[in-house]
Amino acid sequence: MTRLVVGPFNRVEGDLEVKLDIGDGRVEKAFVVSPLYRGFERMLSGKPPMDALVYAPRICGICSVSQSVAAAMALAEAQGVVMPPNGELSLNLVHATENVADHLTHFYLFFMPDFARDVYTSENWHSVARERFAAIKGTAASDVLPARAQFMHLMGILAGKWPHTLSVQPGGSTRAVSAGEMARMGATLSAFRRFLERTLFGDRLERIAELSNETELATWAAEKPETSSDFRHFLYISKALNLTSLGPSTGRYMSNGAYARAGAHLFARGVFTNGGCGSLDAGAIAEDISHAWYAAGNGALSPSKGETRPDADRPDSYSWCKAPRLGGAVMEVGALARQLVDGHPLILDLHARTGGNVHTRVVARLLEIALVVLEMQRWVEVLRPGEPFIAHASMPDSAEGSGLTEAARGSLGHWLKIENGRIANYQIIAPTTWNFSPRDSEGTPGPLEQALAGAPVRPGETEPVAVQHIVRSFDPCLVCTVH
Amino acid sequence: MNIQRPERKRPLRLFWLQSGGCGGCTLSLIGAEGPDLLATFEAADIEVLWHPSLSEATGREVIGLMERICRGEERLDILCLEGSVMRGPNGTGRFHMMPGTERPMMDWIADLARNAGHVVAVGSCAAFGGITAAGSNEVEACGLSYDGQKQGGLLGADFRSKSGMPVINVAGCPIHPGWLTETLHSIAAGRFAAHDIDEWERPLSYTMHLVHHGCARNEFYEFKASAEKLCDLGCMMENLGCKGTQARADCNMRAWNGSGSCLDGGYPCINCTAPGFEEPGHSFTLTPKVSGIPVGLPTDMPKAWFVALASLSKAATPQRLKENAVADHLTRPPVDRQKKKR
C-alpha cells in the first residue's frame with residue numbers, strides 16, 4: 001500500500017487536500033482534508049443581529065447570495081417578519097442567478113477541463129475535447145465568460161452587485177424594480193437562453209426539461225453530432241470513459257428545499273433514501289467533531305446548540321471540516337440530491353439504473369440550469385412594480401431562528417441565537433461540510449471519502465485523474481465548508 | 001506593403017494564490033466585461049502561470065512551479081494574493097497549511113513575494129486583513145503589508161518587490177473587475193509607478209474618486225432628503241450608515257454587473273476599500289449620531305459649514321424630493337412648467 005497526498009487541489013472553490021491509501025491500482029481509503037480555518041461563527045458572536053447580513057455573504061464568494069438568504073431566513077424567523085410576494089420573487093431571482101451561474105462556472109471552468117489532460121491523449125475524442133474545454137485556452141472558456149457576465153446583469157439590477165450584496169433582507173429586497181427594469185431582465189434572460197440553447201444544450205430548454213428517462217436522453221443525444229453542443233459532448237465523453245462507474249454515492253440524499261414562494265418550494269425539501277422520498281427532520285441534524293480540529297465537547301451537537309472551539313493540536317484529527325450527520329447517517333447534497341428529492345423523472349431513472357456517480361451528478365446539474373432558467377422567466381413576468389418589495393420589522397432582544405436553503409452545491413443551514421440584542425451563537429452547516437466531511441465517531445467516512453474508495457489509479461499517477469473527476473463532480477466549495 | 005509590427009515584448013507571467021478569503025474577488029473578476037477577462041489578459045500580454053480557479057495544473061506540478069520560482073529558476077512578474085494572510089494560531093500559520101506541502105501558506109507567500117516583480121494584494125483581505133480579521137481576530141489575519149491600519153503585515157512596511165514598488169493594494173470587498181484588470185494592464189505596459197497609488201498604496205485610478213461621485217441619489221443628498229429605512233430612495237447618509245461621501249472608490253461611475261452599485265441596490269456604502277471597514281464600531285446600516293448630527297461627515301469640509309448648508313437646503317427641499325426620498329419607487333416625477341395645463 002502507498003500513500004498519496006493530492007494537493008493543492010485546484011478548480012474547486014477554496015483549499016483542499018486529499019490523502020489516498022492506494023493498493024492494487026485502486027484507492028483503498030481516502031481522507032479529505034480542509035486545510036483552512038477562518039472562524040466566522042466566532043466572529044459573529046457579539047455582533048448586532050442585522051450585521052450578520054454583511055458578514056455572512058463574505059463567507060463565500062461563489063455561494064455569497066445563498067449565505068445571505070440563509071442568514072436572512074434565520075433573522076426573519078427571529079423577527080417574525082413575512083415577505084411580500086415581490087420580495088420572494090426578487091430574492092428567488094437573485095438566488096437563482098447565482099446558482100445557475102455557479103452551475104455554469106462549475107461545468108465549463110472547473111469540471112470539463114480535466115478531459116483536456118494529457119493522460120487522455122490516446123483517446124479518439126481527446127483532441128476535439130482539448131480544443132473545446134482546455135483550461136483558459138479552450139474555445140469554451142471564451143464563449144462562456146461573456147455569456148455569464150451578461151447574465152449577471154440581473155444582479156446589477158436586482159442586487160446592486162455580486163458577490164456580497166446587502167439587498168437580501170429578512171423582509172425581502174431593498175431594491176424595488178420598475179417596469180422598465182422588468183423588460184431589461186426579460187431581455188437579459190432571453191439572451192442568456194439563446195447561449196444555453198445554441199451552445200450548452202443545442203436544443204430548447206423545454207425539451208431538456210422534459211427528458212424523462214435514460215432512453216430518451218440517449219435518443220435525444222443521438223439526434224445530432226456528439227460535439228454539436230457541450231451537453232452532448234459531455235455525454236459522449238462520459239460514455240467513452242464510463243463515468244457512471246466513478247464516485248458511487250452512499251445512496252442517501254437530502255435537500256433543504258429551494259426557492260420558497262407562497263409557502264412552497266420550487267424544489268422540494270426532503271430526503272431520498274433506498275429509492276424513496278421522506279420528510280426532512282432538521283432537528284435530527286448534528287455535527288460530529290471526533291476527527292476535526294476542534295476541542296472535544298459533548299459528542300455530536302445540534303447546530304442550534306453547536307460550538308466552535310478550534311484546536312489545531314487535537315490528536316487523530318485531520319480536517320477543519322466538522323462532520324454533519326442526519327440521524328447519525330451520512331448524507332449527500334447537491335443538484336442530484338435536489339432533483340431526486342423533487343422527483344424529476346430523468347434523474348430518478350438514471351439513479352435507479354446506475355445510482356449516484358460522476359455522470360448523474362453532472363447531468364442533474366445541467367438539467368437544473370434548464371429548469372431554473374425557465375422558472376426565472378416566469379418569475380420576472382409576475383413581478384408587480386409599485387407594490388412593496390420588502391416588509392420591515394423590529395428585532396427582539398432575545399430570539400432564535402434558523403434558515404435552511406440550497407446553494408448550487410447543496411444544502412445550507414444557518415442557526416442563530418440572539419440574547420440581549422446581540423448574536424449569542426451562530427452556527428453554519430454548508431453543502432460541502434456535508435459532502436466532504438471527515439470520519440465520524442463511528443469511523444464512518446464522509447460522502448466523498450466513500451465515493452473515492454475503489455477509484456482506479458493508473459501506474460505512475462500522482463494526481464489520479466479519476467480522483468480529479470470524482471472530487472470535482474461534487475462541485476465542492478471549501479471556503480463555505482470551513483467558514 | 002510593409003506592415004510595421006510592434007516589437008514583441010515577453011509576456012508578463014502571473015501567479016495567483018488564495019489564502020484566508022472567500023474567493024469572491026476571483027468570482028467578481030471573471031465577470032469582467034468589455035472585454036472579458038481572457039481577452040483582457042491577452043490584450044495586456046499576461047500569461048497566467050497558475051490561478052487556482054482557472055488553471056489545469058494541479059498538485060505536484062504546481063508545487064514544483066512554486067519551488068522553481070522561489071529558487072529563482074522561473075521568472076515571476078506579478079504575484080497576486082487573494083485573501084488574508086493567516087498567521088494563527090500563535091503565529092504558526094497552521095490555520096492555513098498549503099495543501100500537499102505541510103507548510104504554512106504564509107511562508108509560501110513570503111517566499112514567492114521576494115521573487116516577484118510586482119506584488120498585488122487583490123481585495124481588502126489581502127491588503128489589510130479585511131473581513132477575516134473581524135471580531136477579535138483570533139485567527140491573526142492580516143494583509144501583505146498592513147495589519148488593519150497599522151503598517152507591517154506579513155511582509156513589513158519596508159517591503160519592496162523587485163520592481164521597487166511596495167505591495168499594490170487593490171482593495172475592495174470584493175474588487176470591481178476593472179480595478180484589477182486596469183492595474184494589471186498598466187503594470188504590463190510599464191506605465192504603473194509610485195505616483196499611481198494613494199496613501200494606502202491603492203491604485204488612484206479608482207481611489208481618486210469618492211463613492212459619492214455619480215451616486216444617483218445626489219439630488220437627495222443636496223437637499224438632505226433622507227431615506228428612513230432600507231429600500232427608500234433618499235440619501236442614506238443621515239440614517240442608514242452610508243459612507244459614500246468618505247469612501248474612496250468609483251463605484252457609482254463604473255457600473256457593477258452592467259448597471260449596479262451598492263447604493264443603486266438600495267443599501268449603504270460600507271467603505272469596503274478602507275482598512276478596518278470590517279469593524280465600523282456601529283451597526284453597518286445605522287448612522288451613529290451625536291446630538292442628532294451624523295458623526296461621519298465629509299472629511300474635507302468644515303463641519304460648521306456642513307451643518308449650516310444642510311439646514312438651509314433642508315428648508316428648501318422640493319416636495320418631489322421629500323416624497324420620493326421615503327418611497328421605494330419614484331412616485332412624483334419632475335414637472336416641466338413649459339407645458340401649460342389646458
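**The sheet of chain A, and then chain B**

Guide: In this predicted model, strand 2 of chain A, which covers residues 17-23, pairs with strand 3 of chain A in the antiparallel sense, and the pairing runs over 7 bridges. To find one place where these strands meet, look at V18(A), whose bridge partner in strand 3 of chain A is V32(A). Stepping back, you can see that the two strands belong to an open sheet of 3 strands in chain A, with the order 1-2-3 and antiparallel pairing. Strand 1 (2-6) and strand 3 (26-33) of chain A stand at the edges of this sheet, and because each has a single partner strand, one side of each is left without a neighbour in the sheet. From one strand to the next, the twist averages 20 degrees.

If you now turn to chain B, you will find a division into domain 1, residues 12-207, and domain 2, residues 209-328. The centres of these two domains of chain B, taken over C-alpha atoms, are separated by 31 Å, and where the domains touch, 19 residues of domain 1 are in contact with 14 residues of domain 2. On the side of domain 1 of chain B that touches domain 2, helix 5 (124-128) and helix 7 (204-207) each supply at least two residues. The residues of that side of domain 1 divide into 9 nonpolar, 9 polar and 1 charged.

Methods. Residues are numbered from 1 along each chain as its sequence is written. Chains are lettered from A and ligands numbered from 1 in the order in which they are written. This is a predicted model: local features need pLDDT of at least 70, side-chain atom pairs count only at pLDDT 80 or more; totals for chains, interfaces and linings use all residues. Domain bounds come from an automatic or database domain assignment. Two residues are in contact if their C-beta atoms, placed from the backbone, lie within 7 Å. Helices (H or I, at least four residues) and strands (E, at least two) are DSSP runs, numbered from the N terminus. Ala, Val, Leu, Ile, Met, Phe, Trp, Tyr, Cys and Pro count as nonpolar, Asp, Glu, Lys and Arg as charged, and the others, Gly among them, as polar. Two strands pair if DSSP finds at least two bridges between them. Axes are lines fitted to C-alpha atoms, for helices over the stretch in contact, and angles run from 0 to 180 degrees between N-to-C directions.
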